[in-house]
Number of protein chains: 2
Amino acid sequence: SKFFSIKCSPNVHYKITPQARDRNADSYPLTPNAVLIVTMDAVSKTANDSKVPAVHPQNIFTLRISLDVDADRDGIVEKNNPNKGSWKWGPNGHGAILLVNCDSETTNKKTLDSEVEEIRKVSDLQDMSKMILRTNGPAELPEGLSVLYRMVPLSFLPENKLLKLFLKDYIMVVGTDMLTQKVPYLGGKTELEFFVEGLRFPDKDFDGLITINLSLLEPCGKGFPETPVFTDKVVFHISPWIMTPNTLKPVEVYVCSTDDNHSFLKSIRNLVEKCGYKLKICYEYMNRGDRWMQDELEFGYIDSPHHQFPVVLDSPRDGDLQDFPYESILGPDFGYVTRHALNEEVSSLDSFGNLEVSPPVTVNGKSYPLGRIIIGVAFPTATSGRNMTQVVQDFLWAQKVQAPIALYSDWLVVGHVDEFMTFVPAPDRKKFRLLLASPDAGYKVFKSLQNNGHGNAEMFPGKHSLIFSNSFILSDKKLQAGNRYVQNCIDWNRDVLKKELGLDDEDIIDLPILFQVLEEKKGARAVAYYPDMVNMIVLGDQLGIPKPFGPKVNGRCALETEVRSLLEPLGLKCTFIDDFAPYHKLLGEVHCGSNVLREASPFKWWNLEL
Amino acid sequence: SKFFSIKCSPNVHYKITPQARDRNADSYPLTPNAVLIVTMDAVSKTANDSKVPAVHPQNIFTLRISLDVDADRDGIVEKNNPNKGSWKWGPNGHGAILLVNCDSETTNKKTLDSEVEEIRKVSDLQDMSKMILRTNGPAELPEGLSVLYRMVPLSFLPENKLLKLFLKDYIMVVGTDMLTQKVPYLGGKTELEFFVEGLRFPDKDFDGLITINLSLLEPCGKGFPETPVFTDKVVFHISPWIMTPNTLKPVEVYVCSTDDNHSFLKSIRNLVEKCGYKLKICYEYMNRGDRWMQDELEFGYIDSPHHQFPVVLDSPRDGDLQDFPYESILGPDFGYVTRHALNEEVSSLDSFGNLEVSPPVTVNGKSYPLGRIIIGVAFPTATSGRNMTQVVQDFLWAQKVQAPIALYSDWLVVGHVDEFMTFVPAPDRKKFRLLLASPDAGYKVFKSLQNNGHGNAEMFPGKHSLIFSNSFILSDKKLQAGNRYVQNCIDWNRDVLKKELGLDDEDIIDLPILFQVLEEKKGARAVAYYPDMVNMIVLGDQLGIPKPFGPKVNGRCALETEVRSLLEPLGLKCTFIDDFAPYHKLLGEVHCGSNVLREASPFKWWNLEL
């Protein structure tokens, strides 16, 4: 033949490619490699309800099928979003979001919700993302066409323990051991609602993206496997774990009660009550004498367009406080995650006084609206030394949204970044100041006291049987040499922080703090000489600062006066808290002994441009 | 005091922050937290040659120190590039580039250059990146200031086997067991030249970025560690391994000689010589009867602004050809890399007939100027089935610059993507066509023959003792059912390729090829019924196509005629090569039995916007 013609049922349309050149109403010239494309503009009411006599099979029908998620991130599952199959960061981005269901709906007989196979309470559905399978087609599918879906991780994990899929009636349909499932075809226009539960946080071996594939399979006769007719897919990004900087509003302050910290606890309670925040005390039956509330855990949160809750990161430190995060913090809408060191020694640098986060910053035009994580490690050119354990570093880097900065903290005996730095809110400039411990600023105070005739003023009034006079401190060559060393170490970190956070000198305040260097087996390392005021608790504009017990001038501690003069002009209120016996003498201070749960940032992590 | 004044040597300058408000020529008001910043505008000739009496230490000097690399990617090491410490993709990007030194300067007693501790030949320096330590300062540093550098991987590998650093006199100064090194300070204006050697390709656990840190250390007196005064750093990105699509110019064709393929070899030789390319024959002492040259290896290359060379990826297939890539291909400026399966079974899908790459494409505005890698795996909703081994998939994904596409190839007995698809150059549209095997197109040819009175024309003339007439083929219901199944499988892949490569139907040509489905233990899988013409060798506009042995019409094979009519209008020249006995009957064809080394793409991978 040289020409052909086409007839079909009224709701069937066709197109010929390549376009027939000499088209006339009745027939088309046959050209090499001609393709006839048949389309229908309405869904079929019964199977094979339309006909195209020239096409094999002659009976045809239409079925609309779509796997739908909240790809536009407004909290509502829309219909067949063209971008549902991929992830793009940013305010113009797309891709659905999944939470790791790491809280526990029950408070007794606790388990992470993600570790149980069933849905225990209706409220648990809140922690999952909705997914809808929308079908519109004939009442029955012909010849056993079937619908199948399966999750496929984009980043090829050896195990697939990434998500579980529940039907609305709480039945798990795809899970850790059951990666694929046939879906019943109900006929007509139907919506099947699923709840998707995330099981794993992003990590070194998992970029946080999970794909769910849906396939329409056609039987191909005896002896043949079913063949795919149509595949749809949706992508979820697991919410990263996000830390909260000192500039975010506090919700609850955590502190330990021990047999020797009653007056400290009273000071903290007074401060917290004055501010109107909640106070959570961890009692001795749980803390077993471990008072370092800062070190055992770090608060963060996970966030999605439909739900958000705080998540505690449990440190591999595992002191006597080790059960506290799981036993006392995990609960409904309070999640829990931890990492265990693998074939690695856990060191003091694994305590979370060594894990902080900056307020939002912009560095050379690149913005970090959620701030940047700050950890302390060995010096970059050191071949030995202590580091934060690799699994925790990997976890922190993998969250991506608060790109970490590694500082040098191994020069300290305890080795935590909170021993020499913190952030406080400020009304001007970048809306915060970086506070740094500064031996130079410390000596400046002592020298000025001496110059003003207070050389004999007593250090540690009432705290030491030995008398350390102001002049005694100024004449201690060893103390001076140690503080020159410490100042060098802090100056190097200052340069790194200025560069990595985009700070000017005007964004930094040097607090007058002296250190002393102890000879340890593995070399000389530093501790605070008097209570380390930078190791403070920041509650909005209220600061709970370790009371330094410096020399008194006119009945007032000269160090407190100096710190007030540096911080009060910013609208900050300083409360000096006596932590000398129960914390300072054990090489920690107020910040080490407390923790603060804060509100989540108003900035949504998926709006980051990565 | 309320005011202060400053005097210093003539080449010393100073700045006071915050800016003194009531500045006059002689003195400045003392303000809280005032900082005096001292700078010098020339490098010191001797240590402590300048003075600022008010500053401690009173004697000061300047030293300029800079670790330099080719951060602007022009092949020349510039001076103190402000972006040398970070990596940015794209034509406006920055960051130095490092090659894995995976070739072998020696041809006898071969080892990868990266595996030997010394530099064996001057030519080996070509494979490394230059790095220069520039110092300008006094003749001697005071009190034992020292310079130290160390490599630090940004992505925290458990082992640091990422690079080696050689001095110009070929002495290794930093290597796999020696991660840090003090550098002699030579005084005055000096340049110390290093050669940096990459050791590892990007992979799942390594993002390809390596940092080298340089520190100036200051002694801090007895009993104290040295403290960092200044740190400089440079970043290198390891070149990914890059594949070459069929549209790039061939250099050399590789093929095996066996005891039964003399006439095939002769046809290949004729074709290659006609085109003017080189031919490399792998003889039996090396191939031990394994003729599948496509499957044991894949050619690619690595590229940097200063040097480029081809690199063969050795498949974990490890057939009898397994020694060929290392023994016969590795050599000076011809690199080698391999991956071994870990606790995984290697399957037929690990042969590199199942690893191809598309020509450059643009998909929804996103461009892939180096094309996209294509591999074959099990169907996305299948819970069992064969896959390409995880280590090879991880390697391919980690190269990043040719974002892979996974097709469904497990429906084939052999399971390679080259059994149903290839790319050929074209003068128009996207400068290429995708060729797909098409049973529908095959039946179209056979039906048209029957309609034109050639129903008794013989299939496989001269090749089979049984006679398969044209009508016999058309009446074989089982063959038809199998081909419907195959067409479904290919159609699904066609949809994926259209979407992932941004192709229209006009970019695709369907070649008339029938398959037959075999009942295997693990289900029904397909093989080509007659020589699979899509499994061709592409040498510029010359195609070496498996001779299909179809029914003859007027002395000419109807299948050849059809394929010529589809391809010759694109300016392509078809040579049909008889591979029936030595390849087709063993379930492979021309492409499976050959390999082509091609020129590198003119597009530079670091100019990609990722």
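B:Val534 touches B:Phe420, B:Met421, B:Thr422, B:Leu435, B:Leu436, B:Ala437, B:Leu511 and B:Ile513, leaving aside residues up to four places away in sequence. The model is a predicted one. B:Val534 and B:Leu511 are the residues that touch the most other members of the largest nonpolar core, which holds 151 residues. Helix 8 of chain B (residues 477-501) supplies the largest share of this core, eight residues. Domain 2 (64-238) and domain 3 (242-604) of chain B both contribute residues, so the core lies between them. A second, separate core has 148 residues. Its members include A:Met131, A:Leu133, A:Ala457 and A:Val517.

Chain B also contains an open sheet of three strands, in the order 23-26-27. The pairing is mixed. Strand 23 (355-357) and strand 27 (405-408) are the edge strands of this sheet. Each has a single partner strand, so one side of each is left without a neighbour in the sheet. On average, neighbouring strands are turned by 35 degrees against each other, direction ignored. Strand 23 and strand 26 (residues 373-377) of chain B run antiparallel and are joined by three bridges. B:Val357 has B:Ile373, in strand 26, as its bridge partner.

Strand 26 of chain B is also part of what covers the buried residues of helix 5 of chain B. This helix spans residues 390-399. Its buried residues are B:Val392, B:Phe395, B:Leu396, B:Trp397 and B:Gln399. An α-helix has 3.6 residues a turn, so residues three or four places apart point the same way. B:Lys400 follows helix 5 of chain B and has a positive phi, near 70 degrees.

In chain A, helix 5 covers residues 390-398 and contains A:Asp394. With 17 other C-beta atoms within 10 Å, A:Asp394 is partly exposed. The C-alpha atoms of A:Asp394 and A:Asp203 are separated by 6.4 Å. Along the chain, these two residues are 191 residues apart.

The domain assignment divides chain A into domain 1 (1-62), domain 2 (64-238) and domain 3 (242-607). Eight residues from domain 1 and eight residues from domain 2 of chain A take part in the contact between these domains. On the side of domain 1 that touches domain 2, three residues are nonpolar, four are polar and one is charged.

Notes. Residues are numbered from 1 along each chain as its sequence is written. Chains are lettered from A and ligands numbered from 1 in the order in which they are written. This is a predicted model: local features need pLDDT of at least 70, side-chain atom pairs count only at pLDDT 80 or more; totals for chains, interfaces and linings use all residues. Two strands pair if DSSP finds at least two bridges between them. Helices (H or I, at least four residues) and strands (E, at least two) are DSSP runs, numbered from the N terminus. Axes are lines fitted to C-alpha atoms, for helices over the stretch in contact, and angles run from 0 to 180 degrees between N-to-C directions. A residue is buried if 20 or more other C-beta atoms lie within 10 Å of its own, exposed if 12 or fewer, and partly exposed in between; C-beta atoms are placed from the backbone. Domain bounds come from an automatic or database domain assignment. Two residues are in contact if their C-beta atoms, placed from the backbone, lie within 7 Å. Ala, Val, Leu, Ile, Met, Phe, Trp, Tyr, Cys and Pro count as nonpolar, Asp, Glu, Lys and Arg as charged, and the others, Gly among them, as polar. A nonpolar core is a set of buried Ala, Val, Leu, Ile, Met, Phe, Trp, Tyr and Cys residues joined through C-beta atoms within 7 Å.
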